[in-house]
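Subject: Structure handover and findings

Hello,

Here is the structure for you to open alongside this message. My notes on it follow below.

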Amino acid sequence: MSRATFPAAARLHRPTEFAAALAGRRIARGAFFVVTAHLRQAIDSEPTAEPCARLGLIMAKRFAHHASTRNALKRVVREAFRSKRLELPAHDFVVRLNKRITAMSLTELKKTARLEADAHFLRALRS
């Protein structure tokens with residue numbers, strides 16, 4: 001059984017990768033996040049490598065003014081993705097913050113964001 005890690009191969013790096021994933025279909029929308037997915041094709045430079053799920057995060061400063069809030073949200077979403085990564089289909093997923101974060105404690109924010117992220121990735125499994 002493989003470990004559920006988050007290697008560099010499971011991340012979106014280039015703006016073109018983000019643009020392609022954002023052009024895909026929206027699979028979930030919640031209180032904080034919008035998740036879009038785009039089917040990932042095999043890469044020509046790695047013909048033997050099997051495509052896997054990849055994640056990109058967009059946490060805009062206009063929705064979460066404090067860096068600590070943005071970083072906490074990113075950590076929570078990455079952890080939710082990491083735990084489901086091996087089960088997810090070979091898509092490029094972009095999780096985008098879509099609403100302004102109201103004043104609440106970071107602990108409460110993390111719990112709420114984790115519940116939402118888990119629900120979004122569970123929905124991605126079913127679709």
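Helices (H or I, at least four residues) and strands (E, at least two) are DSSP runs here, numbered from the N terminus. This is a predicted model, in which local features need pLDDT of at least 70 and side-chain atom pairs count only at pLDDT 80 or more, while totals for chains, interfaces and linings use all residues. Residues are numbered from 1 along each chain as its sequence is written, and side-chain values use heavy atoms, with hydrogens and water left out.

Salt bridges

A salt bridge is a side-chain nitrogen of Lys or Arg within 4 Å of a carboxyl oxygen of Asp or Glu. By that rule there are 5 salt bridges. For exposure, buried means under 20% relative accessible area, exposed means over 50%, and partly exposed is in between (1.4 Å probe, protein chains only).

Asp-118 and Arg-114 both lie in helix 3, 4 residues apart, about one turn of the helix. Their side chains meet in a salt bridge, at 3.0 Å from N to O. Asp-118 is partly exposed at 24% relative accessibility, and Arg-114 is partly exposed at 26%.

Helix 2 holds a pair of this kind: Arg-82 and Glu-79 are 3 residues apart there, about one turn of the helix, and their side chains form a salt bridge of 2.6 Å, N to O. Arg-82 counts as partly exposed at 25%, and Glu-79 counts as partly exposed at 33%.

Arg-54 forms a salt bridge with Asp-92, with the closest N and O atoms 2.9 Å apart. Arg-54 lies in strand 3 and Asp-92 in strand 4, so this pair ties together parts that are 38 residues apart in sequence. Arg-54 is buried, with a relative accessible area of 8%, and Asp-92 is buried at 6%. Arg-54 and Asp-92 also belong to a network of salt bridges that links them with Arg-14 and Glu-17.

Helix 1 covers residues 15-22, and Glu-17, Phe-18 and Ala-21 are buried in it. They cover an arc of only 100° around the axis, which puts them on the same side of helix 1; the arc is that of the directions from the helix axis to the C-beta atoms. Pro-15 and Thr-16 are exposed on the face turned away from the buried side of helix 1. Strand 2, strand 3 and strand 4 are among the elements that cover the buried residues of helix 1, where contact means heavy atoms within 4.5 Å.

Helix 3 runs over residues 106-126; at 1.5 Å a residue, its 21 residues should span 30 Å, and its end C-alpha atoms are 30 Å apart, which agrees. The expected span is 1.5 Å times one less than the number of residues. The buried residues of helix 3 are Leu-109, Ala-113, Glu-116, Ala-117, His-120, Phe-121 and Ala-124. They cover an arc of only 135° around the axis, which puts them on the same side of helix 3. The opposite face carries the exposed residues Thr-107, Lys-111, Leu-115 and Arg-126. The buried residues of helix 3 pack against strand 1 (25-29), strand 2 (33-39), strand 3 (54-58), helix 2 (67-84) and strand 4 (91-97).

Strands

Two strands pair if DSSP finds at least two bridges between them. Strand 1 and strand 2 run antiparallel and are joined by 4 bridges, forming a hairpin with 3 residues between them. Ala-28 has Val-35 in strand 2 as its bridge partner. Strand 2 is also joined to strand 4 by 7 bridges, again antiparallel, with Thr-36 opposite Val-94 in strand 4. Because 5 of its 7 residues are buried, strand 2 is largely enclosed by the rest of the structure.

Core

A nonpolar core is a set of buried Ala, Val, Leu, Ile, Met, Phe, Trp, Tyr and Cys residues joined through side-chain atoms within 4.5 Å. The largest one has 29 residues, of which Phe-33, Leu-55, Val-77, Phe-81, Phe-93 and Leu-97 touch the most other members. Strand 1, strand 2, strand 3, helix 2, strand 4 and helix 3 each give two or more residues to this core. Not counting residues up to four places away in sequence, Val-77 touches Phe-33, Leu-55, Leu-57, Met-59, Val-95, Ala-117 and Phe-121.

Regards
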